[in-house]
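Subject: Structure handover

Hello,

Here is the structure for you to look over. My notes follow below it.

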Amino acid sequence: MGYFATPTEATAAPGRVSPLTPERITGALDSRQWNYDTDEDGDVNGNWDGHLFYFLRMGQNQEIFMVRGRWEARIPLEVGPSILPALNTWHKEKLFPKAVLVDFPDDGNSRVFTEVTIDCEHGVSDEQLMLHIDAGINTALQLFEELDRQFPGLQTTSDD
């Protein structure tokens, strides 16, 4: 195996990097005794403080790991543009999460989604995986708290 070779489960030593698998993601969540579900596509998701989070593997070889959050608020389409300065300020002051406002014209609302993404092509240690999960959830929750403060009254109680 070369210096920068991608490890396999068989070649990875304990405490070292190994391939990102769905079992490693759920194992990380299990290690914290966190509740989560797996949807029909095999994507792992859970709810933190009323906000939906997905733990996604993407890329040609499923080597990209993304923690994607969704602010619970349903933002009327006409209100959406007023959210953008808050997101831009966040991006200027913070490294992550990346946040986007997505319009859903069919239901007349916009939603804010967050993303924290890393490339695990050469593997990831258990510690790195947990650090990434923590960063994805905690920084998104910080943004959602700020949005709650700046835009009171937009929050919902829906779990969808």
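What covers the buried residues of α2? The cover includes β5 (75-76), β6 (98-104), β7 and α3. More on that helix below.

Ground rules

This is a predicted model, where local features need pLDDT of at least 70, side-chain atom pairs count only at pLDDT 80 or more, and totals for chains, interfaces and linings use all residues. Residues are numbered from 1 along each chain as its sequence is written, and side-chain values use heavy atoms, with hydrogens and water left out.

Overall

The chain has three helices and seven strands. Both are DSSP runs numbered from the N terminus: helices are H or I with at least four residues, strands are E with at least two. The order from the N terminus is α-β-β-β-β-β-α-β-β-α. Of the 160 residues, 40% are buried. Buried means under 20% relative accessible area, exposed means over 50%, and partly exposed lies in between (1.4 Å probe, protein chains only). The accessible surface comes to about 9200 Å², and 50% of that belongs to carbon and sulfur atoms. Accessible areas come from the Shrake-Rupley method with a 1.4 Å probe; for residues, only the protein chains shown count as cover. Take the contacts between residues at least 6 apart in sequence: 60% of them join residues at least 24 apart. Contact means heavy atoms within 4.5 Å.

Helix α2

Helix α2 (residues 80-93) has 14 residues. From first C-alpha to last it reaches 21 Å, close to the 20 Å expected at 1.5 Å a residue. The expected span is 1.5 Å times one less than the number of residues. Its buried residues are Gly 80, Ile 83, Ala 86, Leu 87 and Trp 90. The face turned away from the buried side carries exposed Pro 81, Lys 92 and Glu 93. Lys 94 lies over the face of Trp 90, at 5.3 Å from the ring centre. The test is NZ of Lys or CZ of Arg within 6 Å of the ring centre and within 35 degrees of the ring normal.

Aromatics

There are five aromatic pairs. Trp 48 and Phe 55 form an edge-to-face pair, 5.7 Å centre to centre with 80 degrees between the planes. Both residues are buried. Phe 53 and Phe 144 form a tilted pair, at 6.2 Å and 45 degrees. That pair links distant parts of the chain: Phe 53 is in strand β3 (residues 51-58), Phe 144 in helix α3 (residues 126-150), 91 residues apart. Phe 53 and Phe 144 are buried too. Trp 34, Trp 48, Phe 53, Phe 55 and Phe 144 form one cluster. Rings of Phe, Tyr and Trp (its six-membered ring) pair if their centres lie within 6.5 Å; planes under 30 degrees apart are stacked, over 60 edge-to-face, the rest tilted.

Asn 45 is in strand β2 (residues 44-48). It counts as buried because its relative accessibility is 9%. Beyond neighbours within four places in sequence, Asn 45 contacts Tyr 36, Asp 37, Asp 39, Leu 52, Phe 53, Tyr 54 and Phe 55.

Asn 109 is in strand β7 (residues 109-119). At 14% relative accessibility, Asn 109 also counts as buried. With neighbours within four places set aside, its contacts include Arg 74, Ile 75 and Phe 104.

Best wishes
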